[in-house]
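Hi everyone, thanks for coming. Let me put today's chain up on the screen, and then we'll walk through a few parts of it together.

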Amino acid sequence: MNFDRIQLNRRNLLKAAGAGLVAAGTAGCSSSVKPQESPGIIGKDGKRVLPWSNWSGNQSCQPNERLVPRNEDELLNILRNATQPIRSVGSGHSFSALVPTNQTLLSLARLRGVENIDSDAMEADVWAGTRLSQIGDKLWEHGLSTINMSDIDTQAFGGALATSTHGTGKDLGTLSTHVKTLRIANAAGDILECSASQNADLFNAARNNLGALGVVTKARINADKAYYLKEHSWMMSEDEGLERAEELRDAHRHYEMYALPHSDYMLGIAIDKIDPSEIPADQPEPSGDAYEAFRMMSNLIDYMPFARSWLVNFGAGGVEPETRYGRSHDIFGNLRDIRFNEMEYTVPAEVGPQCLREILQTIKKQNIPVIFPIEARYIKGDDVWLSPFYKRDGFAISCHNFHDKDYKKYFAAIEPIFWKYDGRPHWGKIHTLKAAEFAARYERFNDFLRVRKEMDPQGLFLNDHLRSTLGVS
């Protein structure tokens with residue numbers, strides 16, 4: 001295997017989905033995720049109901065019915081006539097157990113689209129079932145761009161709001177902070193409109209709702225004038241990356257880091273707005289397939305664990321800086337074609353680099369068998385009640401492992417470090433916290449529970465995971 005071909009450029013480093021056999025010179029690795037043994041069950045309407053699994057395969061369930069309303073009226077009729085609990089599902093990109101149910105699974109895949117675009121006011125309505133990747137082009141046609149965007153853009157808009165999905169940028173908040181008004185259906189099948197000035201408590205709860213308040217159908221978002229971005233990535237030493245983190249954060253509109261476990265290196269990624277005249281006529285072709293290289297490296301290390309640090313350092317040491325340019329949504333979005341499982345916590349921004357350093361030291365000290373890059377990003381604080389960024393600027397640290405590798409021992413060793421630094425977990429990522437721990441981390445937790453009970457007094461929208469997470473009997 002020729003490791004000098006490993007390229008850790010931005011686009012390939014951020015890839016993460018798909019699986020398959022990968023040769024590593026002397027060995028291969030097949031997925032441990034077993035195919036569904038059951039073709040499903042016969043549902044209440046006499047038709048077959050297929051099982052559900054999330055993107056990585058770590059969450060699955062067998063609902064007794066799947067419903068996909070064609071419009072808002074049909075959704076409201078479903079809620080008014082519901083006789084059993086309902087859980088909403090978006091694109092299945094949550095790793096926590098927010099979705100699984102053995103009862104009704106509801107998808108808003110047909111409620112999609114971007115409409116009522118106002119170029120002067122820089123606003124647009126987005127239906128909850130719209131994939132994030134479908135928003136950029138539509139806004140661009142009207143001279144607009146999203147203010148920011150997450151790097152995975154295959155998520156459903158409604159699911160992204162439900163879990164405070166975010167991109168990066170010290171002056172930029174989560175996607176939920178872009179919302180101006182929001183429509184949500186309660187358990188009685190009534191639509192409520194909310195905003196900062198109308199039903200304000202519902203607005204502050206619903207912008208990170210976990211699917212526990214009702215069903216968000218549509219939201220009006222603030223946008224920006226259409227803009228282009230320049231993205232520059234480069235490799236530096238781990239010490240330099242940690243020491244310069246705040247400096248680089250302040251120097252760029254977006255800045256994030258990818259730390260390489262068991263190595264001495266870190267990838268820096270800076271993104272800034274540019275004038276289109278700055279885009280070169282001929283852009284270089286993307287270089288090697290980084291995550292395939294990591295996958296192959298991981299397989300090889302299974303047979304040569306003593307060579308782990310040397311292999312990772314050897315691969316990272318020869319990486320050249322790389323720059324790319326494009327429309328905002330083209331730069332933000334990244335293909336994910338190797339699957340993984342993920343834990344993400346947000347700690348206060350001022351202790352972020354210190355927390356990341358301790359995580360990297362722990363991985364080395366305990367010889368944890370992981371080489372998957374650790375993503376670290378700065379995000380602006382907000383006023384959303386259950387947002388991990390509530391009333392404080394955050395430093396989000398995302399730890400991953402390949403979907404067919406054991407992540408439990410790794411995450412168990414790292415999670416207490418997040419607690420030490422007053423970390424708050426991403427609601428859609430793997431964590432072990434229960435209601436008491438969340439109540440201690442969120443001063444408006446009980447207010448959220450009050451709004452939840454008003455919207456859904458009988459618990460129509462709850463599953464076992466949410467009952468435990470929210471402390472609802």
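How many bridges join strand 6 to strand 7? Four, and these strands run parallel, with strand 7 covering residues 104-107. A quick word on what you're looking at: this is a predicted model, where local features need pLDDT of at least 70, side-chain atom pairs count only at pLDDT 80 or more, and totals for chains, interfaces and linings use all residues. Residues are numbered from 1 along each chain as its sequence is written, and side-chain values use heavy atoms, leaving out hydrogens and water.

Helices (H or I, at least four residues) and strands (E, at least two) are DSSP runs numbered from the N terminus, and two strands pair if DSSP finds at least two bridges between them.

Back to our strands. Arg-87 stands opposite Leu-105 in strand 7.

Now please turn to helix 12, residues 408-420. Its buried residues (under 20% relative accessible area, 1.4 Å probe, protein chains only) include Tyr-410, Phe-411 and Glu-415. The buried residues of helix 12 pack against strand 18 (340-348), helix 11 (352-365), strand 19 (374-379) and strand 20 (394-402). Just after the helix, Asp-422 takes a positive phi of about 60°.

Methods
The expected span of a helix is 1.5 Å times one less than its number of residues. Buried means under 20% relative accessible area, exposed over 50%, partly exposed in between (1.4 Å probe, protein chains only). Contact means heavy atoms within 4.5 Å.
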